[in-house]
Amino acid sequence: MTKNFYGFRLEEELAKIVDTVAKEIHSDKTRAIKLLLQEGWQNYRMKKALQLYGVGKISIDKAAEIAEVTVGEMMQEAARHNLGSTET
């Protein structure tokens, strides 16, 4: 896997989050940032999938594909957000 270097500045509030997570996982800041990015990406995909499914633009199968979860998991998430199927 190719690795890319990103040099960037963080606002103090975000830096504190990174520090907190690094301490909680007993690791360094790089690992904490990677963890936060991965979890944030998963959350973003799920949110996008639920939004598109909720307005009827995609099927539950497509939503599961976008969110990278099983159809069963997607159905559970949709139910948790009170999103019912519009398919007959």
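Helices (H or I, at least four residues) and strands (E, at least two) are DSSP runs, numbered from the N terminus. The structure discussed here is a predicted model, in which local features need pLDDT of at least 70 and side-chain atom pairs count only at pLDDT 80 or more, while totals for chains, interfaces and linings use all residues. Residues are numbered from 1 along each chain as its sequence is written, and side-chain values use heavy atoms, with hydrogens and water left out.

## Helix α2

Helix α2 covers residues 29-54, which makes 26 residues. From its first C-alpha to its last, α2 reaches 37 Å, close to the 38 Å expected at 1.5 Å a residue; the expected span is 1.5 Å times one less than the number of residues. Just after α2, G56 takes a positive phi of about 80 degrees.

Several residues of α2 are buried, namely A32, L35, R45, M46, A49, L50 and Y53. Buried means under 20% relative accessible area, exposed means over 50%, and partly exposed lies in between (1.4 Å probe, protein chains only). The buried residues of α2 pack against α1 (12-24), α3 (60-67) and α4 (71-80).

## The pairing of α2 with α3

Two packed helices are described by the angle between their axes and the distance between the axes. The axes of α2 and α3 come within 8 Å and cross at roughly 165 degrees. Here, axes are lines fitted to C-alpha atoms, for helices over the stretch in contact, and angles run from 0 to 180 degrees between N-to-C directions. The two helices α2 and α3 are therefore roughly antiparallel to each other. In this scheme, angles under 35 degrees count as roughly parallel, over 145 as roughly antiparallel, 65 to 115 as roughly perpendicular and the rest as oblique.

On the α2 side, R45, M46, A49, L52 and Y53 meet I60, A63, I66 and A67 of α3. By class, this contact of α2 with α3 has 8 nonpolar, no polar and 1 charged residues. Ala, Val, Leu, Ile, Met, Phe, Trp, Tyr, Cys and Pro count as nonpolar, Asp, Glu, Lys and Arg as charged, and the others, Gly among them, as polar.

Two members of this contact may be followed individually. R45 lies in helix α2 and touches I66, A67 and E68, not counting residues up to four places away in sequence; contact means heavy atoms within 4.5 Å. A63 is found in helix α3. Leaving aside neighbours within four places in sequence, A63 is in contact with A49, Y53, I58 and M74. The C-alpha atoms of A63 and F8 are separated by 33 Å, and these residues are 55 apart along the chain.

## Accessibility of selected residues

| Residue | Relative accessibility | Class |
|---|---|---|
| R45 | 9% | buried |
| A63 | 0% | buried |
| I17 | 38% | partly exposed |
| E68 | 58% | exposed |
| N82 | 71% | exposed |

I17 lies in helix α1.

Most residues other than glycine have a negative phi. E68, in the loop between α3 and α4, has a positive phi near 60 degrees. N82, in the segment after α4, has a positive phi near 55 degrees.
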